[in-house]
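User: I would like to go through this model step by step and learn how its parts meet. Could we begin with the contacts?

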There are 2 protein chains.
Amino acid sequence: MAKQLWKPSTILNPVPVVMVSCCGREGKPNIITVAWAGTINSKPPMVSISIRKERYSYNLIKEKGQFVINLTTRKLAFAADFCGVKSGRDVDKFEVLKLTQEKASVVDVPMIKESPVNIECTVKDIIELGSHDMFIAQIEAVSVDESLIDKKGRLCMEKADLICYSHGEYWSLEKTLGYFGYSITKRKEVLKRRLNKKDR
Amino acid sequence: MAKQLWKPSTILNPVPVVMVSCCGREGKPNIITVAWAGTINSKPPMVSISIRKERYSYNLIKEKGQFVINLTTRKLAFAADFCGVKSGRDVDKFEVLKLTQEKASVVDVPMIKESPVNIECTVKDIIELGSHDMFIAQIEAVSVDESLIDKKGRLCMEKADLICYSHGEYWSLEKTLGYFGYSITKRKEVLKRRLNKKDR
């Protein structure tokens, strides 16, 4: 079918949708949900999150130079949406959503206990881009809920029931279509991998 | 349940997995699949993709200062994986995968016809981060397959059957869990929106 030419827009989909916990130098902790987020480097592991200057969390993160990325699950979808549309100026999101603050190991920002994976970050740079500023950050530590770890110590991320964000909607993930490298792997190895997975 | 403290790693999931088409100043076009990609700004619309210096496409994109992000669907999962593990130094990926080059409107880089959404980008900055360099780019134009557009001219992205990447695996999206703002919307409006959608 033919294609329509559209004006430039933020049409890259799907994207992650993460709950970023933060707190200023003194004030109460807050949560902001961010869809403009992603991994940007492997060694050292680094992420970026982009936030509008007007947002309440913008100054909290800038002041402190630290934040925590809390991965979002199907159970947390409602809370994630709420933390994306409501401002910390008006509501205490931890309280209203009955989310629990958990002490982080490196940064002085609480993690969200209900999130199965928490990523502690320190800001390395802030780049002004226009509507948003991009916070470039290094990952300092990762906390993983024990329920996601199998007997052999492997991380079974599929048990986390993560969600993503596509064209203004939150989506659950359905089924795996293959793993990195499957297109050049022999059929035998693919089956072996599947059996190995059942073993968990 | 308790959490285990892990060393820093690239554990932000899920992430987009996009096929980036590119070509140097002269050479043949190539495709590289990138998982370290994301929207970083709304106005003007901007994206970032992170690529290792060793990758064949790295110099092509650097030389030309242009690339196209082609969104990845369930049908394109195999091709996306192949373009992530094989090098353009060894194979002509367009040819081997039987993908069709389509002329872009602004940039001088072919788009992938089989991808329903193509995003034309020009590089604004390159930031060295360690293992990867981050290409910061502005979105210049967007092409959308007519099959995704309903009678009223609205984009029905769910028809694209997009995939994402989580913890080394490609995943299809299952079902929508709500739209941006649903957590503070009245029940009546949610139902109205659903009816409206069926109307398509």
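User: How many residue pairs are in polar contact across the interface of chain A and chain B?

Analyst: This is a predicted model, and the count takes in pairs in which both residues have pLDDT 80 or more. Across the interface of chain A and chain B, the number of residue pairs found in polar contact is 56.

User: Which element of chain A gives the largest share of the side that touches chain B?

Analyst: By class, the side of chain A that touches chain B has 51 nonpolar, 28 polar and 19 charged residues. The largest share of that side, 11 residues, comes from residues 169-179 of chain A, which form strand β13.

User: Which residue stands opposite Glu169(A)?

Analyst: β13(A) pairs with strand β13 of chain B, also residues 169-179, in the antiparallel sense and over seven bridges. Within β13(B), the residue opposite Glu169(A) is Tyr179(B).

User: Which side chain meets that of Glu174(B) in a salt bridge?

Analyst: The rule finds four salt bridges across the interface of chain A and chain B. In one of them, with 3.3 Å from N to O, the side chain of Glu174(B) meets that of Arg74(A).

User: How much area do chain A and chain B bury between them?

Analyst: The contact takes 98 residues from chain A and 98 residues from chain B. Carbon and sulfur atoms hold 64% of the buried area, which is about 8,600 Å².

Notes
Residues are numbered from 1 along each chain as its sequence is written. Chains are lettered from A and ligands numbered from 1 in the order in which they are written. This is a predicted model: local features need pLDDT of at least 70, side-chain atom pairs count only at pLDDT 80 or more; totals for chains, interfaces and linings use all residues. Side-chain values use heavy atoms; hydrogens and water are left out. Contact means heavy atoms within 4.5 Å. Buried area is the accessible area (1.4 Å probe) that two parts lose on being put together, summed over both. A polar contact is a pair of N or O atoms within 3.5 Å; within protein, one must be able to donate a hydrogen and the other to accept it, and residues adjacent in sequence count only if both atoms are side-chain atoms. Helices (H or I, at least four residues) and strands (E, at least two) are DSSP runs, numbered from the N terminus. Ala, Val, Leu, Ile, Met, Phe, Trp, Tyr, Cys and Pro count as nonpolar, Asp, Glu, Lys and Arg as charged, and the others, Gly among them, as polar. Two strands pair if DSSP finds at least two bridges between them.
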